Amino acid sequence: MEAVGAEAEEEADEWLLQSLCLYTDLHAFELQAPTRLIEWARGNRVCVAGYGQSGRNEILLLLPPPTLQAKETQGLCPERDFKVECGGFSSRPVYSLKHVPDTSLLVTSGPPDSSLQLWQVSAEDSDVIKAVSAIPTENGTGQPWAKIATISAKAPWVLHGSRLNSVRITEVESRKNVYTAASRNSEELSGLAFLDCDTLLLCCAKGQLCLADLRQPRSPVEAASVPSAPRGERWCMGVGRGPQGCDSSSQPVARLSSGGLLTLTDVRKTSEPLASVKCRVPSPGSGAEFLCVSWAPALEGCLAVSGFDGTVHVYDARSWDSSGREAEPIFIHKGHAFGGAGSSGDPPLVTAHTWHPQKPRTLLSAASDGSLHVWDWVQPCGKRG
C-alpha cells in the first residue's frame, strides 16, 4: 500500500515539474464544496454552486483574477485568486444554473423534481443572491431534474424540460408559458439548447437529436436515429458556433456517449453524422453523471471532453472522418487527478468544464474534491491548438 502511495506521489511530482512547460497559465483554487457547473455570467463573472443532498448548497458569483479578465496575457500579477462577489443558499442540490441574458437573474434546477428556481443577483451594494420565486412544472414531482437554457432575443426566456414531452419555454419575468413541445415521446433529456430565437435542439439521454421550430408550434417533435453504439449508454451534447456570418443551422453538434464514442452532426441533417471517433477513456461505461463535451468559442474545430476520470481531454476535430478510429487529444489536463482523494476516498472526478469566451486556449474545470482550475495550455511550435 505504501509503495502505491509513493508511486502516486512521484507521478504527481513529475506532473508538477512538467506543468511548468505545459501551461501558459495554471491556477488552482479550492471551493468549500464541489460544483457540477461553471457558468459565465455578465461582466465576466463565474457562477458555481454546490450539489450536496443535505441542503444549504451555496451559490456563488465569483470575480476571476485579473489575468483571466484581461484579453491578453499580462505576465506576473499579484492578484491570482477568485473573489466571492456575492452568494446565496439553496435548500436543494443545484445541478444546472444559467444566467438570464440582459438581466440580473439566475435560473437553477436540480432534484428532487423538474421545477426551476429563480434567483436575483443583488445590486453592487449587497453581497446576497436571493431566491425570488419558483417555476413549477406540470406533473413535475418524481420527474428527473430539468435541463435548462436561456435566451433574451425576444424577451428573457428559459427553455426547460426533463423529458421530450415536457419541454417548455417560460417567459422569465411574467412566468408565462410561451411554448410547449408537441411530443408524446417520454424519453429522458440530457440536454437542450437554443440554436436561435426560433429553433430549439434537444438531446435525449439515449442519443437521439430533435429539432423544434417555434414558428410551427403544432409540428410534432420527433427524435432522429440514435448513433451506432452499444445499447444502454447515455449521451450528452455540445453545440458549437457556426462560422461568423452563417446562420445557426450550420452549427456542428457534438454528442458524447458514456462509452467514449464521439459523433459530430450537422443539425440540417441529423440522421447522418459528419464524423465519428472513439475518445481515449479509462473505463468506458463506468458512469455518465458528469459527462461533458463542449466546443471552443474562440478556437475553430476544437472541443473538450470530461467526466470519465480526473482529466480533461482537448481535441482538434477538423480532420475527423466517419471511420470510428481512436482520436488523439492535442492536450490532456491532469491537474485534478493529482489533487488527492476526495471525501469518499475515491480519486477526484472532473464534474464540469467550460471554455473562456474570448481566450482561445483557456478553460476552467472543477472536480469532485472541490478543486477549481483555470488553465491555458502552451501551443507547441509548428502546431495549431
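How many bridges join strand 12 to strand 13, and which way do the two run? Strand 12, residues 168–171, is joined to strand 13 by 3 bridges, and the two run antiparallel. Strands here are DSSP runs of E, at least two residues long, numbered from the N terminus, and two strands pair if DSSP finds at least two bridges between them.

Okay, some housekeeping. This is a predicted model, so to speak of a local feature we need pLDDT of at least 70, side-chain atom pairs count only at pLDDT 80 or more, and totals for chains, interfaces and linings use all residues. Residues are numbered from 1 along each chain as its sequence is written, and side-chain values use heavy atoms, with hydrogens and water left out.

Most residues other than glycine have a negative phi, and most peptide bonds are trans. Arg 175 is partly exposed, at 34% relative accessible area; for these labels, buried is under 20%, exposed is over 50%, and partly exposed is in between, using a 1.4 Å probe and protein chains only.

Asp 102 also has a positive phi, near 65°. You'll find Asp 102 in the loop between strand 6 (96–99) and strand 7, and it is exposed, with a relative accessible area of 71%.

Then there's a cis peptide bond, from Pro 111 to Pro 112, with omega near 15°. Pro 112 is in the loop between strand 7 (105–109) and strand 8 (116–121).

Now, strand 4, residues 57–63. Is it mostly covered or mostly uncovered? Mostly covered: 5 of its 7 residues are buried. Strand 4 pairs antiparallel with strand 3 (residues 45–49) over 4 bridges, and there Cys 47 has Leu 61 as its bridge partner. With strand 5 (residues 83–90), strand 4 makes 7 bridges, also antiparallel, and Leu 63 stands opposite Lys 83.
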